[in-house]
Amino acid sequence: MIHRKTAGHRSMATGGPAPLKDALDLQVRVRTLKALLELQRWQVEVLNGRLYSSASGGIAARRLLDLKRREAQMTSLPVPKGVNDP
């Protein structure tokens with residue numbers, strides 16, 4: 001089955017693929033992905049700045065994150081049964 005986007009990239013004169021159009025499309029996609037990556041990198045930097053801030057809000061955020069991690073670890077470990085437990 002030919003994908004409709006692939007079929008649309010064919011040259012009218014030869015009926016073959018249009019490599020220049022494909023390359024330009026790919027270049028646009030790469031630029032878009034790079035921009036999204038930069039946005040995510042900035043978001044991570046902002047969140048790290050807030051989380052590891054020396055201000056009281058940053059300290060509270062670290063404590064809350066630590067509590068959440070401990071809670072997640074506690075729920076993932078099975079509770080051991082004692083010898084006399086039914």
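# A Tour of the Predicted Model

Glu38 counts as partly exposed, with a relative accessibility of 44%. Please select this residue to begin, and bear in mind that the model on the screen is predicted.

**Stop 1: the partner of Glu38.** Which residue does the side chain of Glu38 meet in a salt bridge? Select Arg41 as well: the side chains of Arg41 and Glu38 form a salt bridge, at 2.4 Å from N to O. The two residues are three positions apart in helix H2, so about one helical turn separates them. Arg41, at 42% relative accessibility, is partly exposed. The value for Arg41 falls between the limits of 20% for buried and 50% for exposed, and therefore the intermediate class applies.

**Stop 2: another pair in helix H2.** Select residues 19-51 to display the whole of helix H2. Within it, pick Lys21 and Asp25, which form a salt bridge whose closest N and O atoms are 3.3 Å apart. Because these residues lie four positions apart in the helix, about one helical turn separates Lys21 from Asp25. Lys21 is partly exposed at 43% relative accessibility, and Asp25 is also partly exposed, at 25%.

**Stop 3: a nonpolar patch.** Now select Leu33, Leu36, Leu39 and Trp42 together and show their surface. These residues form a nonpolar patch on the surface, and their accessible area together is about 430 Å². Is Leu33 buried or exposed? Leu33, which lies in helix H2, is exposed, with a relative accessible area of 58%. The limit for this class is over 50%, which means that the value for Leu33 qualifies.

**Stop 4: helix H3.** Move to residues 56-76, which make up helix H3. Select Asp66 and Arg70 here; their side chains meet in a salt bridge, at 2.8 Å from N to O. Both residues belong to helix H3 and are four positions apart, about one turn of the helix. Asp66 is partly exposed, at 33% relative accessibility. How many salt bridges does the structure hold? There are three.

**Stop 5: the whole chain.** Show the entire protein chain as a cartoon. The chain has three helices and zero strands, and its pattern along the sequence is α-α-α. Of its 86 residues, 5% are buried. Switch to a surface display: the accessible surface amounts to about 8,200 Å², and 63% of that surface belongs to carbon and sulfur atoms.

**Stop 6: confidence.** Finally, colour the chain by pLDDT. The average over the chain is 77, and 69% of the residues score at least 70. Which element has the lowest mean pLDDT? Select residues 4-7: this is helix H1, whose mean of 52 is the lowest among the elements of the chain, whereas H2 has the highest, 92. Where pLDDT is low, the predicted coordinates should not be read in detail.

Definitions and conventions:
Residues are numbered from 1 along each chain as its sequence is written. This is a predicted model: local features need pLDDT of at least 70, side-chain atom pairs count only at pLDDT 80 or more; totals for chains, interfaces and linings use all residues. Side-chain values use heavy atoms; hydrogens and water are left out. A salt bridge is a side-chain nitrogen of Lys or Arg within 4 Å of a carboxyl oxygen of Asp or Glu. Buried means under 20% relative accessible area, exposed over 50%, partly exposed in between (1.4 Å probe, protein chains only). Accessible areas come from the Shrake-Rupley method with a 1.4 Å probe; for residues, only the protein chains shown count as cover. Patches are made of residues with over 30% relative accessible area and no salt bridge: like charges are joined within 9 Å, nonpolar side chains (Val, Leu, Ile, Met, Phe, Trp, Tyr) within 5 Å. pLDDT is the predictor's confidence in each residue, from 0 to 100.
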